[in-house]
Amino acid sequence: MTTNDHLDYFKPRLVVIPCGSRKLGSPARSADMYVGSYHRACRKAADALQPDLLLILSARHGLLDLDDVIEPYDTPHGAADAVTSQVLLEQATVRDIVGLDPVVALGGARHITLVRSVWPHVHTPLAGARGMGEQMARLAALREGRGRPLT
């Protein structure tokens, strides 16, 4: 896969989406915990890509399966108690997913930096967006299957 491949010819093995600051107030499956519009837009776009595996990158817990039950928390990426690239690499190694390719990461710069520490070859279709509005438009295009290069 090159950075010029279009979604029409692209089936990711793994998509990693960000958590979100807006959460439910009680323990829940990670698939349900994050209720913010940005997380939901990333989730819908990821679902449309039909990956073999979809994971949420939690700032507190690292890689989460959609069925993992977690408590609400208030840890943003970059905080002192946030997950590190070393922890993320250890989690991916235990799951035996370090070698997956292609991998897509949807999210902002901090999220992408962590994902890239494990998968340097990751495709980042939101990279270079000039703000939240453009990111949301790109997520809508992915969700609707409008092909655009994955970079």
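This dialogue covers how to read strand pairing and helix packing in a predicted model.

Colleague: What should I know about the model and its numbering?

Modeller: The model is predicted: local features need pLDDT of at least 70, side-chain atom pairs count only at pLDDT 80 or more, and totals for chains, interfaces and linings use all residues. Residues are numbered from 1 along each chain as its sequence is written, and side-chain values use heavy atoms, leaving out hydrogens and water.

Colleague: What is the order of the strands in the open sheet?

Modeller: Strands (E, at least two residues) and helices (H or I, at least four) are DSSP runs, numbered from the N terminus. Two strands pair if DSSP finds at least two bridges between them. Here four strands form an open sheet in the order β4-β3-β1-β6, with mixed pairing. Its edge strands, β4 (62-64) and β6 (103-105), each pair on one side only.

Colleague: How many bridges join β1 and β6?

Modeller: Strand β1 (residues 14-18) pairs with β6 in the parallel sense over three bridges. Val15 has Val104 as its bridge partner in β6.

Colleague: At what angle do α3 and α4 pack?

Modeller: Axes are lines fitted to C-alpha atoms, for helices over the stretch in contact (heavy atoms within 4.5 Å). Angles run from 0 to 180 degrees between N-to-C directions. Helix α3 (residues 85-95) and helix α4 (residues 109-118) pack at about 50°, with axes 9 Å apart.

Colleague: Which residues make the contact?

Modeller: Ser85, Leu88, Leu89 and Ala92 of α3 meet Leu114, Val115, Ser117 and Val118 of α4.
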